[in-house]
Amino acid sequence: MTYEWELVYHCDENNEDDPPGRYRHELAYDGERIYILGGGTSLVAFTLTKIPAFNLKTNTWSMVQTKPDPIHSVPDQREIYPAARKCHACVQIDTTEGPEVVIIGGYDSTYYSDIWKLNLRTFEWRLFARMNTLRPIFFHDATATRSGCVYIYGGITCNTQSNSIRRTSSLFKMWMTIPKLSEMCVEALKFYAPHLKKSSPEELRNLGVPPPFVDRLTELRNTNENIPHECNKQKLIFAMATKDNIVEDLVKELKSVTLENGDSAIPILAKISAADPKTYEDVDLSEVLISLLASGSNSDEIRTQVAKCIADVAKTPNQRKRFTTKTTIEPLLKFISEANKVEKMNLVTQACRALGNICYLNDDARDIVVELKGDATLVNLLEVVAPTGDAENAAFQQFIKVRCGVLSNFLLGGEDYAKKAMDLAVMDKLEITVETASRQTPLPEDLLLSTLPALSILTENVSDLNFSTSLNRSLVHVLAASTNPDLAEMCLELLHYQAENDDVKLLLAKDGLCETIYSLLEKYKNYVSNSSDARALMKYACDLIVLILAGDDSMNYLYATPLLANMEAWLDESDIDLLTTGVLALGNFARTDSHCIEIVKSNVMPKLLTILRKNNTPTDDMRLQHALLSTLRNLVIPKVNKMAVIEAGLVTILLPMLEIHQPLVVFKLLGTLRMTVDGQEKLAHELLADEKLIRQLVVWSSSTDYAGISGESLRLMAWLIKHAYGIHRRDPEASAGVSDHTNLRKFVQIPGTVDSMVEMLKSQHLVMQNESLIALSILLIVFSGKNDADTVNLEELLVTAKVGEKLAQLITTRADTMTKEIVENLQSLVCLLRKSDTLVTHMMEHNIDELVKSIPILVEYCTL
């Protein structure tokens with residue numbers, strides 16, 4: 001082993017076999033080839049349909065075509081692969097079917113929570129449809145045991161309701177294989193009998209634990225499971241024994257000097273504080289330290305050092321438990337209560353550290369604090385103001401870093417502890433602290449960095465916690481004045497939470513938050529390209545602008561401000577996040593007809609269409625596509641806008657997007673097409689003849705994974721039928737050239753179209769039921785009884801689609817909720833069906849006539 005780097009291969013961008021450069025990708029290895037899974041650049045994430053593979057024997061690259069999920073794919077119609085992504089986690093597991101790679105979550109303009117598995121022998125993907133992480137997650141990590149148990153840690157999660165992101169330290173565990181029975185037994189023993197791992201090997205053997213599992217249940221083996229040789233075990237045991245001897249000697253020395261002279265304990269305490277806390281994990285230091293802490297004869301210097309020692313030792317769960325006593329917590333609270341005494345500042349600081357560490361993840365300690373009325377003591381720490389002297393001020397700076405730390409660790413206990421603090425007016429004190437700090441120049445950033453986390457904890461644990469107007473304004477001011485990214489992130493997080501309330505949205509809009517964020521992003525936008533943290537912060541800030549514009553009052557207010565022009569200016573941005581934010585902001589502005597009409601009259605519409613034209617393929621940014629479609633959908637709703645947008649080429653740009661199969665984009669694409677077609681008979685007639693469009697709509701209409709896509713596909717087909725037929729009904733002379741219903745015939749001849757319209761009768765939504773009745777009636781008017789060679793046998797198609805069964809199901813399940821309009825359309829459809837002997841027989845089989853008579857609204861009219 002030389003530990004020398006060697007360049008094996010350098011990718012050539014001019015060689016089509018070499019993959020492009022990327023970051024945040026993952027690797028897999030089958031013993032011969034290294035596989036590159038996903039990854040991307042700042043603008044794009046790479047596909048997982050074809051994956052680059054590097055052969056270590058030949059030093060060559062090749063592209064491996066993977067196979068779609070066989071369960072969720074539809075042959076010849078829809079192939080299901082994992083979406084392109086970066087920032088995902090990946091583990092590799094050896095199975096009896098060959099090595100398998102599991103990818104979890106990730107990011108590509110949207111945040112993923114899905115889990116996929118790729119077999120490196122068959123290269124077939126499998127989606128774990130019934131397994132996902134709790135929230136979409138990216139920038140996380142994962143590892144797997146030899147038994148197939150996967151652990152997922154950390155990362156950034158996304159709240160899909162508010163589209164907000166935050167870092168997490170959560171740890172998830174899941175089995176990707178069925179573990180061996182022996183593995184299940186060991187897991188069960190660890191769970192139901194945790195004390196066993198403290199037992200000696202001899203004790204475990206006496207209990208009947210089989211020899212192969214004795215070591216696995218001991219702490220030594222748990223700590224050092226992968227030590228391969230007996231000699232290494234002996235070295236570890238010797239090292240642990242040596243550490244134990246040193247610890248024991250220090251404890252003995254500490255006890256002896258305590259009895260003679262407390263001052264001589266200071267250097268020993270300093271040694272203990274300086275050591276790794278894990279060194280003392282199994283040593284009970286509580287008795288001697290509590291004795292020193294409580295002794296009335298000791299000086300503040302000794303107490304300070306003892307409190308510091310407790311703070312440093314109580315960083316491990318076992319030690320926290322040992323110090324979770326009234327005899328420890330009561331004197332610490334007493335010291336903390338003297339925070340207003342300048343000469344006590346060092347002691348108070350160390351006491352805060354000690355109590356904060358004891359309370360961390362420790363409800364027993366928090367309960368003792370409450371019992372001793374220490375919660376009031378902790379809240380009152382916020383009232384302590386800085387002294388005037390330089391020396392005292394230095395000590396105070398250290399104190400303010402820890403005072404909110406101990407308060408935060410207390411509040412982290414959850415709702416009950418947060419409520420007790422609220423009853424003690426903790427919010428008033430925090431607001432005063434933040435407001436006072438926000439008026440200082442320069443900003444006291446250390447004070448704010450230590451104070452804002454407590455506010456964040458309260459927002460998570462107190463339902464519907466609304467800050468005062470002055471506190472929100474102070475946060476906006478801090479955001480504008482600070483140059484510290486951590487402080488900016490805290491302010492954005494708090495403001496993001498507050499902006500969920502529509503009243504607060506308007507307040508923040510009037511206080512200039514959006515303009516503040518715009519100015520900051522313009523100032524620092526050139527610094528984010530090389531920093532993932534800065535990029536995440538930029539996205540969080542952009543999301544806040546969009547969130548504030550989601551309120552009706554705030555949107556209307558901001559429409560008359562420079563923000564509208566600023567968002568329009570971002571349409572020329574090269575940065576994908578600023579560009580997407582500009583598009584989304586305009587989409588929110590376009591929520592009233594008057595705004596839509598003004599925007600279309602301006603030069604914004606050509607820009608939006610140009611951007612979409614450049615980003616309408618499956619490899620383009622999905623988040624930008626989603627934003628563009630959302631905005632364009634709003635803009636085409638006013639009737640006066642439709643022709644202008646159609647003539648500008650919207651439909652021509654939209655149709656190539658049928659190649660995209662990302663659910664969020666597809667849903668918006670269908671909605672945009674449907675709004676564009678509304679009232680546009682000529683366009684509807686033309687689109688009915690687009691076989692590729694209609695075939696894709698049939699496929700999407702049968703989607704069981706995404707009800708929204710299925711519903712939008714069905715509605716678009718129904719609207720195309722209705723509006724295309726409208727061209728004949730409204731002006732027969734004008735439609736003379738298309739009076740033979742050629743395009744409607746083409747529509748009906750495409751397999752699955754009639755089935756889809758019949759299936760639409762089963763919808764849970766009254767609007768869709770009504771649209772289905774109208775569409776089927778139109779088809780019967782046009783084609784019923786016409787069975788010549790140039791048309792289709794509609795009666796046969798309707799029978800095959802089980803129209804009678806679906807009508808019976810509709811009446812049986814939805815009769816009570818049917819409106820007068822739906823009943824009238826249902827009666828019209830039944831009348832049209834009666835014109836065919838074939839369909840009359842079919843309806844009789846399902847008792848349609850009697851079912852129609854039983855509809856409550858008809859019975860009521862008959863009674864009257």
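Colleague: What makes Arg24 count as partly exposed?
Modeller: The model is predicted, and in it Arg24 has a relative accessibility of 30%. Buried means under 20% and exposed means over 50%, so Arg24, at 30%, falls in between and counts as partly exposed.

Colleague: Where is Arg24 found?
Modeller: Arg24 is in the segment before strand 1, which spans 26–29.

Colleague: Which value of phi does Asp464 have?
Modeller: Asp464, also a residue other than glycine, has a positive phi of about 55 degrees. Asp464 sits in the loop between helix 17 and helix 18 (469–481).

Colleague: How do you know whether Asp464 is buried or exposed?
Modeller: The relative accessible area of Asp464 is 70%. The cut-off for exposed is over 50%, and Asp464 is therefore exposed.

Colleague: What makes the peptide bond from Thr441 to Pro442 count as cis?
Modeller: Omega of the bond from Thr441 to Pro442 is near -5 degrees, and the bond is cis. Most peptide bonds are trans. Pro442 lies in the loop between helix 16 (426–438) and helix 17.

Colleague: Why are helix 17 and helix 19 called roughly parallel?
Modeller: The axes of helix 17 (residues 445–461) and helix 19 (residues 485–498) cross at roughly 30 degrees and come within 10 Å. Angles under 35 degrees count as roughly parallel, so helix 17 and helix 19 are roughly parallel to each other. The crossing of helix 17 with helix 19 is left-handed.

Colleague: Which residues make the contact?
Modeller: On the side of helix 17 they include Leu448, Leu449, Leu452 and Leu455, and on the side of helix 19 they include Leu487, Met490, Cys491 and Leu494. The residues of this contact of helix 17 with helix 19 divide into 10 nonpolar, three polar and four charged.

Colleague: Why does Cys491 count as buried?
Modeller: Its relative accessibility is 0%. Buried means under 20%, so Cys491 counts as buried.

Colleague: Is Cys404 buried or exposed, and why?
Modeller: The relative accessibility of Cys404 is 1%. With the limit for buried at under 20%, Cys404 therefore counts as buried.

Colleague: What makes Leu381 count as buried?
Modeller: Leu381 has a relative accessible area of 2%. That value is under 20%, so Leu381 is buried. Leu381 is placed in the loop between helix 13 (374–380) and helix 14 (390–411).

Colleague: Which residues is Leu381 in contact with, leaving aside its neighbours within four places in sequence?
Modeller: Leu381 is in contact with Ile336, Ala339, Cys352, Phe399, Arg403 and Val406. Leu381 and Lys429 are 48 residues apart along the chain, and their C-alpha atoms are separated by 9.3 Å.

Colleague: Why is Gly356 called buried?
Modeller: Gly356 has a relative accessibility of 4%, and under 20% means buried. Gly356 therefore counts as buried. The residue is part of helix 11 (residues 345–359).

Colleague: Which residues does Gly356 have in contact, leaving aside its neighbours within four places in sequence?
Modeller: Gly356 is in contact with Val406 and Asn409.

Colleague: Why are helix 35 and helix 37 called roughly perpendicular?
Modeller: The axes of helix 35 (residues 742–749) and helix 37 (residues 766–783) cross at roughly 115 degrees. The range for roughly perpendicular runs from 65 to 115, so helix 35 and helix 37 are called roughly perpendicular. Helix 35 passes helix 37 in a left-handed crossing.

Colleague: Which residues of helix 35 and helix 37 meet?
Modeller: Leu744, Arg745 and Val748 of helix 35 meet Leu779, Val782 and Phe783 of helix 37. By class, this contact has five nonpolar, no polar and one charged residues.

Terms used. Residues numbered from 1 in each chain as written. Predicted model: local features only at pLDDT ≥ 70, side-chain atom pairs only at ≥ 80, totals over all residues. Heavy atoms only, no water. Axes fitted to C-alpha atoms, helices over the stretch in contact; angles between N-to-C directions. Helix = DSSP H or I, 4+ residues; strand = E, 2+ residues; numbered from the N terminus. Parallel < 35°, antiparallel > 145°, perpendicular 65-115°, else oblique. Left-handed = near helix turned anticlockwise from the far one by under 90°. Contact = heavy atoms within 4.5 Å. Nonpolar A, V, L, I, M, F, W, Y, C, P; charged D, E, K, R; others polar. Buried < 20%, exposed > 50% of the residue type's maximum accessible area, 1.4 Å probe, protein only.
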